[in-house]
Amino acid sequence: MKKASLFIVFCILTVFCVEGIHASESSIKKEGWGKLSDGTEVDLYTLKNETGMTVQVSNYGGLIVSLTVPDKNGKSEDVVLGFDSLEDYLQEGVPYFGALIGRYGNRIANGEFKIGEQTYHVTRNENGITSLHGGKSGFDKKIWKVKELQSDEALGLLLTYTSPDGEEGFPGNLDVTVCYFIAKKSNDLLILYGAKTDKVTPINLTQHTYFNLRGAGKGTILDHVLSINAEEITPVDKNLIPTGELMKVEGTPFDFRSPTKIGERIGADHEQIKLGGGYDHNWVLNRSKEELRLAATVYDPESGRKLEVRTLEPGLQFYTGNILDGSLKGKGGISYQKHFGFCLETQHFPDSPNKEDFPCTFLSPGDLYQTATSFHFSIHK
(Lines give C-alpha, C1' and ligand atoms only; values in the text may rest on other atoms or scores of the structure.)
Protein backbone atom coordinates (compact mmCIF):
# COMPACT_ATOMS: atom_id res chain seq x y z
CA MET A 1 0.00 0.00 0.00
CA LYS A 2 1.19 3.53 -0.69
CA LYS A 3 2.05 5.84 2.15
CA ALA A 4 -0.90 7.92 3.29
CA SER A 5 -1.14 11.63 4.00
CA LEU A 6 -0.21 13.11 7.35
CA PHE A 7 -3.90 13.79 7.91
CA ILE A 8 -4.98 10.18 7.67
CA VAL A 9 -1.91 8.96 9.56
CA PHE A 10 -3.00 11.19 12.41
CA CYS A 11 -6.57 9.94 12.15
CA ILE A 12 -5.60 6.28 12.18
CA LEU A 13 -3.11 6.73 15.01
CA THR A 14 -5.98 8.30 16.91
CA VAL A 15 -8.15 5.32 16.03
CA PHE A 16 -5.61 2.70 17.14
CA CYS A 17 -4.48 4.72 20.19
CA VAL A 18 -7.69 6.24 21.52
CA GLU A 19 -6.15 8.26 24.35
CA GLY A 20 -7.43 11.81 24.08
CA ILE A 21 -10.90 10.67 23.08
CA HIS A 22 -13.14 9.92 26.00
CA ALA A 23 -16.14 7.67 26.29
CA SER A 24 -19.48 9.35 25.83
CA GLU A 25 -22.79 8.44 27.41
CA SER A 26 -24.81 11.62 26.93
CA SER A 27 -25.04 11.95 23.12
CA ILE A 28 -25.04 8.28 22.15
CA LYS A 29 -27.88 5.89 22.95
CA LYS A 30 -27.31 2.14 23.05
CA GLU A 31 -30.14 -0.39 23.04
CA GLY A 32 -30.65 -4.07 22.41
CA TRP A 33 -31.75 -4.90 18.88
CA GLY A 34 -32.33 -8.66 19.00
CA LYS A 35 -30.28 -11.83 18.79
CA LEU A 36 -28.66 -13.98 16.16
CA SER A 37 -29.66 -17.64 15.79
CA ASP A 38 -26.78 -18.68 18.07
CA GLY A 39 -28.00 -16.36 20.81
CA THR A 40 -25.44 -13.59 20.21
CA GLU A 41 -26.93 -10.28 21.28
CA VAL A 42 -26.98 -7.44 18.77
CA ASP A 43 -26.97 -3.76 19.70
CA LEU A 44 -28.16 -0.60 18.01
CA TYR A 45 -26.47 2.76 18.65
CA THR A 46 -28.11 6.11 17.93
CA LEU A 47 -25.85 9.14 17.45
CA LYS A 48 -27.52 12.55 17.45
CA ASN A 49 -25.83 15.90 16.97
CA GLU A 50 -26.85 19.47 17.78
CA THR A 51 -28.38 20.07 14.34
CA GLY A 52 -30.81 17.16 14.70
CA MET A 53 -28.94 14.78 12.40
CA THR A 54 -29.17 11.19 13.62
CA VAL A 55 -27.29 8.09 12.55
CA GLN A 56 -28.14 4.60 13.76
CA VAL A 57 -25.40 1.96 13.60
CA SER A 58 -25.48 -1.70 14.60
CA ASN A 59 -22.60 -3.82 15.80
CA TYR A 60 -23.92 -6.47 13.40
CA GLY A 61 -22.19 -5.85 10.08
CA GLY A 62 -21.40 -2.26 11.05
CA LEU A 63 -24.78 -1.48 9.49
CA ILE A 64 -25.91 2.09 9.01
CA VAL A 65 -29.54 1.35 9.78
CA SER A 66 -30.88 4.89 9.46
CA LEU A 67 -29.65 8.41 8.77
CA THR A 68 -31.95 11.40 9.16
CA VAL A 69 -31.30 14.90 7.87
CA PRO A 70 -33.62 17.87 7.22
CA ASP A 71 -35.03 18.91 3.85
CA LYS A 72 -35.38 22.47 2.50
CA ASN A 73 -38.39 23.03 4.80
CA GLY A 74 -36.58 21.76 7.88
CA LYS A 75 -38.41 18.41 7.93
CA SER A 76 -36.14 15.51 8.85
CA GLU A 77 -36.40 12.23 6.97
CA ASP A 78 -34.54 8.93 6.96
CA VAL A 79 -32.60 8.88 3.68
CA VAL A 80 -31.11 5.36 3.67
CA LEU A 81 -32.74 2.10 2.63
CA GLY A 82 -33.00 -0.75 5.09
CA PHE A 83 -35.38 -2.56 7.42
CA ASP A 84 -37.20 -1.96 10.69
CA SER A 85 -35.87 -5.08 12.43
CA LEU A 86 -32.69 -7.11 12.74
CA GLU A 87 -34.54 -10.23 11.56
CA ASP A 88 -35.11 -8.65 8.16
CA TYR A 89 -31.39 -7.98 7.72
CA LEU A 90 -30.72 -11.68 8.39
CA GLN A 91 -32.79 -12.80 5.39
CA GLU A 92 -31.05 -14.51 2.47
CA GLY A 93 -30.41 -12.26 -0.48
CA VAL A 94 -30.40 -8.88 1.29
CA PRO A 95 -28.30 -6.63 -0.97
CA TYR A 96 -25.87 -5.21 1.61
CA PHE A 97 -28.16 -2.40 2.83
CA GLY A 98 -25.98 -0.07 4.96
CA ALA A 99 -23.23 -2.65 5.46
CA LEU A 100 -19.51 -2.42 6.09
CA ILE A 101 -17.80 -4.33 3.30
CA GLY A 102 -14.59 -6.40 3.49
CA ARG A 103 -12.13 -7.94 3.24
CA TYR A 104 -12.44 -7.01 -0.37
CA GLY A 105 -15.18 -4.66 -1.52
CA ASN A 106 -16.50 -5.33 -5.02
CA ARG A 107 -15.46 -8.26 -7.22
CA ILE A 108 -12.50 -10.62 -7.61
CA ALA A 109 -12.57 -12.59 -10.87
CA ASN A 110 -13.03 -16.36 -10.48
CA GLY A 111 -12.52 -15.95 -6.74
CA GLU A 112 -8.76 -16.22 -7.05
CA PHE A 113 -5.54 -14.23 -7.08
CA LYS A 114 -1.82 -14.83 -6.73
CA ILE A 115 0.66 -13.61 -4.14
CA GLY A 116 4.10 -14.49 -5.38
CA GLU A 117 3.88 -18.03 -6.73
CA GLN A 118 0.93 -19.05 -4.54
CA THR A 119 -2.64 -18.95 -5.80
CA TYR A 120 -5.36 -18.20 -3.26
CA HIS A 121 -8.98 -19.26 -3.73
CA VAL A 122 -11.65 -17.20 -1.98
CA THR A 123 -15.38 -17.81 -1.76
CA ARG A 124 -17.26 -17.49 -5.05
CA ASN A 125 -20.56 -16.11 -3.83
CA GLU A 126 -21.89 -14.48 -7.01
CA ASN A 127 -23.28 -16.95 -9.54
CA GLY A 128 -20.62 -19.45 -8.45
CA ILE A 129 -18.11 -17.49 -10.50
CA THR A 130 -17.10 -14.31 -8.71
CA SER A 131 -16.09 -13.37 -5.19
CA LEU A 132 -18.22 -10.37 -4.21
CA HIS A 133 -17.80 -8.10 -1.18
CA GLY A 134 -15.62 -10.46 0.83
CA GLY A 135 -17.44 -13.74 0.25
CA LYS A 136 -20.45 -15.52 1.68
CA SER A 137 -19.77 -14.35 5.23
CA GLY A 138 -17.96 -11.05 4.82
CA PHE A 139 -17.55 -8.21 7.27
CA ASP A 140 -21.21 -7.31 6.68
CA LYS A 141 -22.20 -10.41 8.68
CA LYS A 142 -19.76 -10.12 11.59
CA ILE A 143 -20.29 -8.89 15.13
CA TRP A 144 -17.99 -5.93 15.72
CA LYS A 145 -16.73 -4.74 19.08
CA VAL A 146 -17.87 -1.17 19.68
CA LYS A 147 -16.58 1.65 21.86
CA GLU A 148 -18.35 4.98 22.17
CA LEU A 149 -16.21 8.06 21.50
CA GLN A 150 -16.53 11.80 21.88
CA SER A 151 -14.34 14.84 21.30
CA ASP A 152 -15.10 18.55 21.39
CA GLU A 153 -16.09 18.52 17.71
CA ALA A 154 -17.56 15.08 17.08
CA LEU A 155 -19.06 11.96 18.55
CA GLY A 156 -18.68 8.51 17.19
CA LEU A 157 -18.24 4.78 17.39
CA LEU A 158 -15.01 2.78 17.23
CA LEU A 159 -15.65 -0.63 15.63
CA THR A 160 -13.02 -3.40 15.71
CA TYR A 161 -12.89 -6.90 14.28
CA THR A 162 -10.11 -9.46 13.76
CA SER A 163 -10.52 -11.52 10.61
CA PRO A 164 -8.65 -14.81 11.15
CA ASP A 165 -6.16 -16.27 8.70
CA GLY A 166 -8.07 -18.22 6.04
CA GLU A 167 -11.45 -16.60 6.60
CA GLU A 168 -13.32 -16.86 3.29
CA GLY A 169 -9.98 -17.99 1.84
CA PHE A 170 -8.05 -14.75 2.48
CA PRO A 171 -4.55 -15.03 3.95
CA GLY A 172 -3.38 -13.47 7.19
CA ASN A 173 -4.85 -12.40 10.49
CA LEU A 174 -6.28 -8.97 9.74
CA ASP A 175 -7.00 -6.49 12.55
CA VAL A 176 -9.60 -4.01 11.28
CA THR A 177 -10.77 -0.74 12.80
CA VAL A 178 -13.55 1.47 11.48
CA CYS A 179 -14.70 4.75 13.03
CA TYR A 180 -18.02 6.41 12.35
CA PHE A 181 -17.92 10.07 13.43
CA ILE A 182 -20.64 12.70 13.11
CA ALA A 183 -19.87 16.36 13.60
CA LYS A 184 -21.63 18.00 16.52
CA LYS A 185 -22.58 21.21 14.71
CA SER A 186 -22.97 20.20 11.05
CA ASN A 187 -24.50 17.37 9.04
CA ASP A 188 -21.26 15.51 8.39
CA LEU A 189 -20.50 11.80 8.64
CA LEU A 190 -16.82 10.82 8.53
CA ILE A 191 -15.73 7.20 8.18
CA LEU A 192 -12.12 6.22 8.97
CA TYR A 193 -10.78 2.80 8.05
CA GLY A 194 -7.62 1.15 9.36
CA ALA A 195 -6.11 -2.34 9.23
CA LYS A 196 -2.91 -4.29 9.81
CA THR A 197 -1.97 -7.86 8.89
CA ASP A 198 0.59 -10.57 9.62
CA LYS A 199 0.61 -11.90 6.01
CA VAL A 200 0.35 -10.19 2.65
CA THR A 201 -3.36 -9.92 1.82
CA PRO A 202 -5.66 -7.89 -0.45
CA ILE A 203 -7.93 -5.40 1.28
CA ASN A 204 -10.55 -2.97 0.00
CA LEU A 205 -12.96 -1.65 2.62
CA THR A 206 -16.04 0.41 1.85
CA GLN A 207 -19.55 1.28 3.01
CA HIS A 208 -22.60 0.03 1.08
CA THR A 209 -25.39 2.39 2.12
CA TYR A 210 -28.23 2.88 -0.35
CA PHE A 211 -29.36 6.51 -0.38
CA ASN A 212 -32.62 8.12 -1.46
CA LEU A 213 -32.49 11.81 -0.61
CA ARG A 214 -36.26 12.09 -0.95
CA GLY A 215 -36.64 9.56 1.83
CA ALA A 216 -36.33 5.78 2.12
CA GLY A 217 -39.03 4.13 0.03
CA LYS A 218 -40.25 7.39 -1.52
CA GLY A 219 -39.96 6.43 -5.16
CA THR A 220 -37.00 6.10 -7.47
CA ILE A 221 -33.80 8.13 -7.51
CA LEU A 222 -33.98 8.75 -11.26
CA ASP A 223 -34.75 12.47 -10.79
CA HIS A 224 -31.77 12.97 -8.47
CA VAL A 225 -29.10 15.13 -10.08
CA LEU A 226 -25.56 13.72 -9.94
CA SER A 227 -22.06 14.85 -10.76
CA ILE A 228 -18.94 12.66 -10.49
CA ASN A 229 -15.42 14.05 -10.53
CA ALA A 230 -14.05 11.57 -13.06
CA GLU A 231 -13.00 11.44 -16.70
CA GLU A 232 -12.93 7.62 -17.00
CA ILE A 233 -14.53 4.40 -15.83
CA THR A 234 -13.20 0.85 -15.71
CA PRO A 235 -15.43 -0.96 -18.26
CA VAL A 236 -16.59 -4.48 -17.40
CA ASP A 237 -17.27 -7.84 -19.01
CA LYS A 238 -20.42 -9.95 -18.74
CA ASN A 239 -19.51 -10.90 -15.13
CA LEU A 240 -19.01 -7.23 -14.21
CA ILE A 241 -15.26 -7.77 -13.91
CA PRO A 242 -13.12 -4.88 -15.22
CA THR A 243 -11.47 -5.63 -18.54
CA GLY A 244 -8.34 -3.83 -17.37
CA GLU A 245 -8.89 -0.95 -19.79
CA LEU A 246 -9.99 2.60 -19.01
CA MET A 247 -12.89 4.13 -20.93
CA LYS A 248 -13.38 7.87 -21.39
CA VAL A 249 -16.81 9.03 -20.21
CA GLU A 250 -17.04 11.83 -22.77
CA GLY A 251 -19.82 11.17 -25.25
CA THR A 252 -21.22 8.24 -23.22
CA PRO A 253 -24.05 7.74 -20.69
CA PHE A 254 -21.31 7.67 -18.01
CA ASP A 255 -20.45 11.36 -18.34
CA PHE A 256 -21.47 12.97 -15.06
CA ARG A 257 -18.78 15.64 -15.14
CA SER A 258 -21.58 18.21 -15.09
CA PRO A 259 -24.82 17.78 -13.07
CA THR A 260 -27.12 15.31 -14.83
CA LYS A 261 -30.28 13.47 -13.81
CA ILE A 262 -29.49 9.87 -12.93
CA GLY A 263 -32.37 8.63 -15.08
CA GLU A 264 -31.57 10.73 -18.13
CA ARG A 265 -29.42 8.07 -19.82
CA ILE A 266 -29.83 5.02 -17.61
CA GLY A 267 -31.70 3.18 -20.37
CA ALA A 268 -29.31 4.18 -23.14
CA ASP A 269 -28.40 1.75 -25.91
CA HIS A 270 -24.86 1.26 -24.68
CA GLU A 271 -23.05 -2.03 -24.09
CA GLN A 272 -21.86 -1.09 -20.59
CA ILE A 273 -25.35 0.01 -19.51
CA LYS A 274 -26.75 -3.31 -20.74
CA LEU A 275 -24.07 -5.31 -18.92
CA GLY A 276 -24.77 -3.52 -15.63
CA GLY A 277 -28.55 -3.39 -16.00
CA GLY A 278 -28.08 0.32 -15.35
CA TYR A 279 -25.15 1.88 -13.54
CA ASP A 280 -22.93 -0.53 -11.61
CA HIS A 281 -19.44 0.67 -12.50
CA ASN A 282 -16.25 2.05 -11.02
CA TRP A 283 -15.36 5.66 -11.85
CA VAL A 284 -11.66 6.60 -11.87
CA LEU A 285 -11.60 9.69 -9.70
CA ASN A 286 -9.60 12.72 -10.74
CA ARG A 287 -6.53 13.28 -8.62
CA SER A 288 -6.36 16.29 -6.32
CA LYS A 289 -3.97 17.85 -3.82
CA GLU A 290 -6.81 18.07 -1.32
CA GLU A 291 -6.69 15.65 1.58
CA LEU A 292 -10.30 14.54 1.06
CA ARG A 293 -11.06 15.28 -2.59
CA LEU A 294 -14.57 15.73 -3.91
CA ALA A 295 -15.73 12.50 -5.56
CA ALA A 296 -19.42 13.14 -6.20
CA THR A 297 -22.29 15.51 -5.54
CA VAL A 298 -25.96 14.55 -5.74
CA TYR A 299 -29.15 16.43 -4.90
CA ASP A 300 -32.87 15.80 -4.98
CA PRO A 301 -34.79 18.74 -6.54
CA GLU A 302 -37.98 17.90 -4.64
CA SER A 303 -36.64 17.77 -1.07
CA GLY A 304 -33.64 20.04 -1.70
CA ARG A 305 -31.34 17.63 0.13
CA LYS A 306 -27.79 17.55 -1.17
CA LEU A 307 -24.99 15.07 -0.52
CA GLU A 308 -21.28 15.61 -1.18
CA VAL A 309 -18.90 12.66 -0.97
CA ARG A 310 -15.17 13.18 -0.39
CA THR A 311 -12.56 10.48 -0.15
CA LEU A 312 -8.91 9.43 -0.21
CA GLU A 313 -9.80 6.47 -2.44
CA PRO A 314 -8.97 6.36 -6.19
CA GLY A 315 -12.33 4.93 -7.26
CA LEU A 316 -16.07 5.28 -6.79
CA GLN A 317 -18.64 2.56 -7.51
CA PHE A 318 -21.89 4.20 -8.55
CA TYR A 319 -24.76 1.70 -8.33
CA THR A 320 -28.44 2.36 -8.97
CA GLY A 321 -30.21 -0.50 -7.20
CA ASN A 322 -30.66 -2.45 -10.41
CA ILE A 323 -31.50 -5.77 -8.74
CA LEU A 324 -34.25 -4.37 -6.50
CA ASP A 325 -37.50 -5.85 -7.80
CA GLY A 326 -40.14 -5.24 -5.14
CA SER A 327 -39.62 -8.59 -3.40
CA LEU A 328 -38.00 -6.97 -0.35
CA LYS A 329 -40.26 -5.05 1.99
CA GLY A 330 -38.26 -2.29 3.64
CA LYS A 331 -38.96 0.28 6.31
CA GLY A 332 -42.66 0.77 6.96
CA GLY A 333 -43.46 -2.32 4.87
CA ILE A 334 -42.72 -0.49 1.60
CA SER A 335 -41.56 -2.70 -1.26
CA TYR A 336 -38.22 -1.57 -2.64
CA GLN A 337 -38.53 -1.37 -6.41
CA LYS A 338 -35.82 -1.04 -9.03
CA HIS A 339 -33.81 2.21 -8.72
CA PHE A 340 -35.28 3.04 -5.29
CA GLY A 341 -31.76 3.78 -4.02
CA PHE A 342 -28.24 4.60 -5.16
CA CYS A 343 -24.83 3.72 -3.73
CA LEU A 344 -21.63 5.75 -3.87
CA GLU A 345 -19.02 3.26 -2.69
CA THR A 346 -15.56 4.77 -2.35
CA GLN A 347 -12.96 2.13 -3.10
CA HIS A 348 -9.93 0.80 -4.90
CA PHE A 349 -10.82 -0.71 -8.25
CA PRO A 350 -12.60 -4.06 -8.62
CA ASP A 351 -10.37 -7.09 -9.31
CA SER A 352 -7.24 -5.09 -8.55
CA PRO A 353 -5.42 -8.18 -7.17
CA ASN A 354 -5.48 -9.50 -10.75
CA LYS A 355 -4.78 -6.22 -12.54
CA GLU A 356 -1.17 -5.06 -12.23
CA ASP A 357 -1.94 -1.66 -13.78
CA PHE A 358 -4.63 -0.84 -11.20
CA PRO A 359 -3.76 0.84 -7.88
CA CYS A 360 -2.37 -1.82 -5.53
CA THR A 361 -4.65 -3.37 -2.90
CA PHE A 362 -2.12 -5.68 -1.23
CA LEU A 363 -1.30 -4.94 2.41
CA SER A 364 1.98 -6.25 3.85
CA PRO A 365 2.99 -6.93 7.46
CA GLY A 366 4.39 -3.79 9.06
CA ASP A 367 2.32 -1.49 6.84
CA LEU A 368 -0.94 0.15 7.82
CA TYR A 369 -4.06 0.27 5.67
CA GLN A 370 -5.67 3.64 6.17
CA THR A 371 -8.29 5.61 4.31
CA ALA A 372 -11.24 7.92 4.87
CA THR A 373 -14.52 9.01 3.31
CA SER A 374 -16.87 11.82 4.31
CA PHE A 375 -20.54 12.44 3.58
CA HIS A 376 -21.71 16.05 3.88
CA PHE A 377 -25.44 16.81 3.82
CA SER A 378 -26.81 20.27 3.08
CA ILE A 379 -29.56 22.04 1.13
CA HIS A 380 -29.13 22.61 -2.60
CA LYS A 381 -29.36 26.27 -3.58
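Where in the chain is the place of Asn 127? Asn 127 sits in the loop between β9 (118-121) and β10 (131-132); helices (H or I, at least four residues) and strands (E, at least two) are DSSP runs, numbered from the N terminus. I will come back to that loop.

First, the basis. This is a predicted model, in which local features need pLDDT of at least 70 and side-chain atom pairs count only at pLDDT 80 or more, while totals for chains, interfaces and linings use all residues. Residues are numbered from 1 along each chain as its sequence is written, and side-chain values use heavy atoms, with hydrogens and water left out.

Now the sheets. Nine strands make an open sheet in the order β11-β12-β13-β14-β27-β23-β22-β17-β20, and the pairing is antiparallel. Two strands are said to pair if DSSP finds at least two bridges between them. β11 and β20 (260-261) are at the edges with a single partner strand each, so one side of each has no neighbour in the sheet.

At the β11 end, strand β11 (residues 145-150) pairs with β12 in the antiparallel sense over six bridges. The two form a hairpin, with three residues between them. Leu 149 has Gly 156 in β12 as its bridge partner. Further along the order, β13 is joined to strand β14 (residues 188-197) by nine bridges, again antiparallel. There, Cys 179 stands opposite Leu 192 in β14.

Is Leu 159 buried or exposed? Leu 159 counts as buried because its relative accessibility is 0%; buried means under 20% relative accessible area, exposed over 50%, and partly exposed in between (1.4 Å probe, protein chains only). Leaving aside neighbours within four places in sequence, Leu 159 is in contact (heavy atoms within 4.5 Å) with residues including Gly 62, Leu 100, Trp 144, Val 146, Val 176 and Tyr 180. Thr 177 is also among its contacts. The C-alpha atoms of Leu 159 and Thr 177 are separated by 5.6 Å, with the two residues 18 apart along the chain.

There is also an open sheet of five strands, in the order β19-β18-β21-β24-β25, with antiparallel pairing. Its edge strands, each pairing on one side only, are β19 (247-248) and β25 (343-347). Strand β18 (residues 230-234) pairs with β19 over two bridges, in the antiparallel sense. Glu 232 is the residue opposite Lys 248 in β19.

Next, the cores. A nonpolar core here is a set of buried Ala, Val, Leu, Ile, Met, Phe, Trp, Tyr and Cys residues joined through side-chain atoms within 4.5 Å. The largest has 59 residues, and Leu 67, Leu 189, Ile 228, Trp 283, Phe 318 and Phe 377 touch the most other members. Strand β13 (residues 174-183) gives the largest share of this core, five residues. A second, separate core has 25 residues, among them Val 94, Tyr 96, Ala 99 and Ile 101.

Back to Trp 283. Beyond four places in sequence, its contacts include Ile 228, Glu 232, Val 249, Phe 254, Pro 314 and Phe 318. Phe 254 is also among the contacts of Gln 272, together with Pro 235, Val 236, Met 247, Gly 278 and His 281, again leaving aside neighbours within four places. Gln 272 is in helix α3 (residues 271-276), and counts as buried because its relative accessibility is 5%.

Then the loops. Most residues other than glycine have a negative phi, and most peptide bonds are trans. Asn 127 has a positive phi, near 60°, and counts as exposed because its relative accessibility is 68%. Glu 168, in the loop between β12 and β13, has a positive phi near 55°. Glu 168 is buried, because its relative accessible area is 18%. Gly 102 and Arg 103 are joined by a cis peptide bond, with omega about 0°. Arg 103 lies in the loop between β6 (99-101) and β7 (107-108).

Last, the pocket. On a 1 Å grid over the protein atoms alone, a pocket is an open set of points where a 1.4 Å probe fits, with protein on both sides within 12 Å along at least five of seven lines; lining residues have an atom within 4 Å of a point. The largest pocket is lined by 47 residues, with Gly 93, Val 94, Pro 95, Tyr 96 and Leu 132 nearest its centre.
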